[in-house]
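Please read this briefing alongside the sequence and the model. It is arranged by topic.

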Amino acid sequence: MPKSTSYHEKLIQDLKNPLEAAAYIEVVLEEGDPKMLSKALKNVIEAHGGVDQLAAQVKELYNKLDQMLSDKGEIEFYSLNSLLDNLGLHFAVTVKP
């Protein structure tokens, strides 16, 4: 009997595609949960080889963002998300040309 692929393995495989990764982050941003955003970013980074594959400067930025989201991120994130929503705007993630 063939072994099935776990959801996480399939997700990581799908997130190697930049269009899939952008759509995934966009959906998470729409949900408005900073903890989900942190996990989503970790998944996208994992799909691209993991944190150890990031340049030192990018790794530092990621760590700062992750810390911010875990500390006071909920209030700041929801405030920004609410402000944009009331202005008729929302976060968008696109693939760089």
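This is a predicted model: local features need pLDDT of at least 70, side-chain atom pairs count only at pLDDT 80 or more; totals for chains, interfaces and linings use all residues.

Residues are numbered from 1 along each chain as its sequence is written, and side-chain values use heavy atoms, with hydrogens and water left out. The protein chain has five helices and zero strands; helices (H or I, at least four residues) and strands (E, at least two) are DSSP runs numbered from the N terminus.

**Overall**
- The order of elements from the N terminus is α-α-α-α-α.
- Of the 97 residues in the protein chain, 27% are buried; buried means under 20% relative accessible area, exposed over 50% and partly exposed in between (1.4 Å probe, protein chains only).

**Helix α2**
- Helix α2 covers residues 18-31, 14 residues in total, and its first and last C-alpha atoms are 20 Å apart, close to the 20 Å expected at 1.5 Å a residue. The expected span is 1.5 Å times one less than the number of residues.
- At the N-terminal end, Asn 17 caps α2 through a side-chain oxygen 2.8 Å from the backbone nitrogen of Leu 19.
- Just after α2, Gly 32 has a positive phi of about 75 degrees.
- The buried residues of α2 are Ala 21, Ala 22, Tyr 24, Ile 25, Glu 26, Val 28 and Leu 29.

**Nonpolar core**
- The largest nonpolar core has 13 residues, and those touching the most other members are Leu 15, Tyr 24, Ile 25, Leu 37, Ala 40 and Val 44. Such a core is a set of buried Ala, Val, Leu, Ile, Met, Phe, Trp, Tyr and Cys residues joined through side-chain atoms within 4.5 Å.
- Helices α1 (7-14), α2 and α3 (34-47) each supply at least two residues of this core, and the largest share, five residues, comes from α2.
- Leu 11 lies in helix α1 and is buried because its relative accessible area is 11%.
- Leu 11 and Val 44 are 33 residues apart in sequence, with their C-alpha atoms 9.1 Å apart in space.

**Segment after α5**
- Ala 92 lies in the segment after α5 and counts as exposed because its relative accessible area is 54%.
- The C-alpha atoms of Ala 92 and Ile 25 are 8.6 Å apart, while the two residues are separated by 67 residues in sequence.
- Leu 89 is in the segment after α5 (73-86) and is partly exposed at 46% relative accessibility.
- Leu 89 also belongs to a nonpolar surface patch with Leu 80, Leu 83 and Leu 87, which together have about 380 Å² of accessible area.
- Patches take residues with over 30% relative accessible area and no salt bridge, joining like charges within 9 Å and nonpolar side chains (Val, Leu, Ile, Met, Phe, Trp, Tyr) within 5 Å. Accessible areas come from the Shrake-Rupley method with a 1.4 Å probe; for residues, only the protein chains shown count as cover.

**Salt bridges**
- The structure holds three salt bridges, each a side-chain nitrogen of Lys or Arg within 4 Å of a carboxyl oxygen of Asp or Glu.
- Asp 14 pairs with Lys 10 at 2.8 Å, N to O; being four residues apart in helix α1, they are separated by about one helical turn.
- Lys 64 pairs with Glu 60, with the closest N and O atoms 3.4 Å apart; these two are four residues apart in helix α4 (residues 56-71), or about one helical turn.
- Asp 52 pairs with Lys 59, with the closest N and O atoms 4.0 Å apart; Asp 52 is exposed at 64% relative accessibility, and Lys 59 is partly exposed at 25%.

Methods. A polar contact is a pair of N or O atoms within 3.5 Å; within protein, one must be able to donate a hydrogen and the other to accept it, and residues adjacent in sequence count only if both atoms are side-chain atoms.
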